[in-house]
Amino acid sequence: MSIPTSAARAKNYDVIVVGSGAAGGQTAYTLSMEGVKVLMLEAGRKYVPEQETPMFQTADQAPLRGASSPEKDFGFYDATIDGGWTVPGEPYVQSTDDPNGRFTWWRSRMLGGRTNHWGRISLRNGPYDFKPHARDGLGFDWPISYDDMAPYYDKVERLIGVYGTSEGLENTPNSSPGCLLPPPAPLVSDYLVQQRARRLGVPIIPGHRAVLTQQLDFKRSPALLHPGNLKAQKIIAEHMQQRSACIWATDCGRGCSIRANYQSTTVHLPPALATGNLDIVTDAMVSEVVLGRNGHAKGVKYIDKHSGAERVVTARAVVLAASACETARILLNSKSALFPNGLANSSGKVGRYIMDTVGSSVSGQIPLLESLPPLNEDGASGHAFYAPWWGYQDQQKGKLNFARGYHIEFGGGRRMPGAGTLHGLEHFTGGSYGKKLKEDARRYYGSFVGFDGRGEMIPNENSYCEIDPKVKDKWGIPVLRFHWKWSDHETRQAAHMQTTFAGIVEAMGGRVIGKVRTDGTEAIAPGGFIIHEVGGAIMGADRQISVTNQWCQTWDVKNLFVTDGAVFASNADKNPTLTIMAVAWRAADHIADRMRRKEL
Amino acid sequence: MTDRRTTIKWMLSVAASMPLLNQRSWSQEVTALPAYRGYGTDPDLTKLYRPGDAWPLTLSQAQRRTAAALCNVIIPDDGRSPNAEGVGVVDFIDEWVSAPYPRQTADRPIVLEGLAWMDAEALLRFEKYFAELDESQQHAICDDICYEPNAKPKFARAAAFFTRYRDLTVGGFYSTPAGSRDIGYIGNVPLPKFDGPPAELLRKLGLGPEST
């Protein structure tokens, strides 16, 4: 299968989709399956995981034993290319030197965007997460409920393949029967965390990740995904069969050449291309949405990175799915007489309410896990278990000093050694070297467990992006300037994570490595570090205080849609990718329906 | 040819004058790195790289000799797995201190000054380079610097170097196939299914699906 990267075929497109990641991939998939002619524009290069993924390469075959560098932030073998917290020639600006006021912006300039690099953690938002303001008076409610979204979560899980279980816990939704794949077997350390955390009242249940623990149900799912659409059913049945189940080796973060995990490039784009309704132009850096005289979006302007030439493409509707902040940037840079402050910005809310996830980590050394016999613990290369938030009732009773919850991701085991393996061993050995060090290495390898909290940030007036008046990127496009501030809800939550994780390490009979940071401002990871950037064009029921309606349609421009994380009205502790896809599918269904009725 | 006594006198004067006593001019002269580029933001991930492929190696033969001796003291051949030099750790350390990235350029003076200190200290105590010492002599020096909390103030910087160098050696060694095998890493092979740990091991540890 080839992905066209040359100039688009001359034809009349129905929809232009800007971006090719979770949102762009899902939007293009749904639309093209429904017979809508789509042109996708991607700022990065063509990327083919089947050919480019370093599946079994070991650390000693990479520069610096695979260690991270500013050019490969997550290590040499991470799938991300031409991306990271810095992108050469594409700067962004901070409004302050205060480290707590900075937002560090991760971008991925490649086909498939950030879906090539992620943890594959695929948790549903629950009922509370769509109506947080109704529950505690903070932030905003979405104009949709969990019941509106549940059918789309079911569809996305069936399509991309998500393992996990339905446990019926509070605000931790069950999936419909047949949607989830079986979870992978836990590791020794997983069982130990489960046993000891439960004693502290922390629930430990199977995690949800977009990894095929078995082949997708290509017989039943196609008809459930695309009822009445035989062509779509046939195409997706074929592609489900082309995807292999997990082979229990190699890190998902490298990408997957056998298509066993979810990447837009291996799951959404191939069947969408097979419909014949999708064209993709890569190396197309979109600068603005072009407005027609009638006040409708006419198309988009982009820079062809090869020639530097500016081009305009047109369609009946435009969908922005460029990632939350890039989408806000495109809107803010699309200025006209009708929209002097940026397109679809009559509310003044474009770029506002940028959110990330609250992150904090603790790791421990666990004597019970020392000197275990050799075990292959590659597993599914990510968590088998996690802890969903357990404090809803305590918060309702006012027992906690922060408003929203977090879940715990944790991992131990005998992972593939790399440049940093067994660093800092002197803290346990008293500085051994020589033959004693080799004995110590055998003893301590695999005895470490790390805990990462992932918590909800409440949108606030001090966290936003705007266009910098001076700085432009190398394409001549004005860049973003960021403003950032955590509230006490987030910093107190981070402190709570620290004491909770330290408690679990101790309950496991272990020792915390380093210091437990009880000052939340020290405990919290800087803005942007968790790479769960959402907001910037939030959806709402009131056009005065939101940018889109529940269909991701901008209030101001009826044929302009935003289907990425920008529309999130809250950022639950649940990792955003699954919800981005579910929201995008629902919006794309709506667009296809309106197109059929000639309303767009 | 420089005779041994002259060399020793020179080394002693260097040792007395610095790198670890903060004379920046000397260390800059010794450690300055030519401006190399990195592997870029879009390197070929499927290619097999060796140290020197992405940027040139920069250690001198003398520095490499000391580097090898020290990493073999840290990770010797013990009959179960080879020494650090034997699996390419010297090349890795050379690649590391020659790399054009911030973390590595920060390590470069620490490592180069540290290696110079090892030789200076060896000459001071035993009138031989570190690589020429016997095991007990090498250990006599390393014992003074192998654990920062116990190091005397005069060895503080040498101990900080040793901590860093041990981590580089350990990471460089255990990330090779021989090092991985030594600590019992048996993954990175495709499996038809994944069963998790054997029930017997879980029982022994008091763990498992039904344990509380």
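This briefing describes one helix and one strand of chain A, together with the elements around them. The structure is a predicted model. Helix H5 covers residues 146–160 of chain A, and strand S1 covers residues 13–18 of chain A.

**Helix H5: length and end**
- Helix H5 of chain A holds 15 residues, which at 1.5 Å a residue should span 21 Å. Its end C-alpha atoms lie 20 Å apart, in agreement with that expectation.

- Buried residues of H5(A) include Met149(A), Tyr152(A) and Tyr153(A). Asp154(A), Lys155(A), Val156(A), Glu157(A), Arg158(A), Leu159(A) and Ile160(A) are likewise buried.

**Strand S1: burial and pairing**
- Strand S1 of chain A is mostly covered, with six of its six residues buried.
- S1(A) runs parallel to strand S12 (residues 310–320) of chain A, and five bridges join the two. In this pairing, Val17(A) stands opposite Val319(A).
- S1(A) also runs parallel to strand S2 (residues 38–41) of chain A, to which four bridges join it. Here Val15(A) stands opposite Val38(A).
- From S1(A), the chain passes through helix H1 (residues 22–33) of chain A to reach S2(A), forming a right-handed β-α-β crossover.

Terms used: Residues are numbered from 1 along each chain as its sequence is written. Chains are lettered from A and ligands numbered from 1 in the order in which they are written. This is a predicted model: local features need pLDDT of at least 70, side-chain atom pairs count only at pLDDT 80 or more; totals for chains, interfaces and linings use all residues. The expected span of a helix is 1.5 Å times one less than its number of residues. A residue is buried if 20 or more other C-beta atoms lie within 10 Å of its own, exposed if 12 or fewer, and partly exposed in between; C-beta atoms are placed from the backbone. Two strands pair if DSSP finds at least two bridges between them. A crossover is right-handed if, with the strands pointing away from the viewer, the path from the first strand over the helix to the second runs clockwise.
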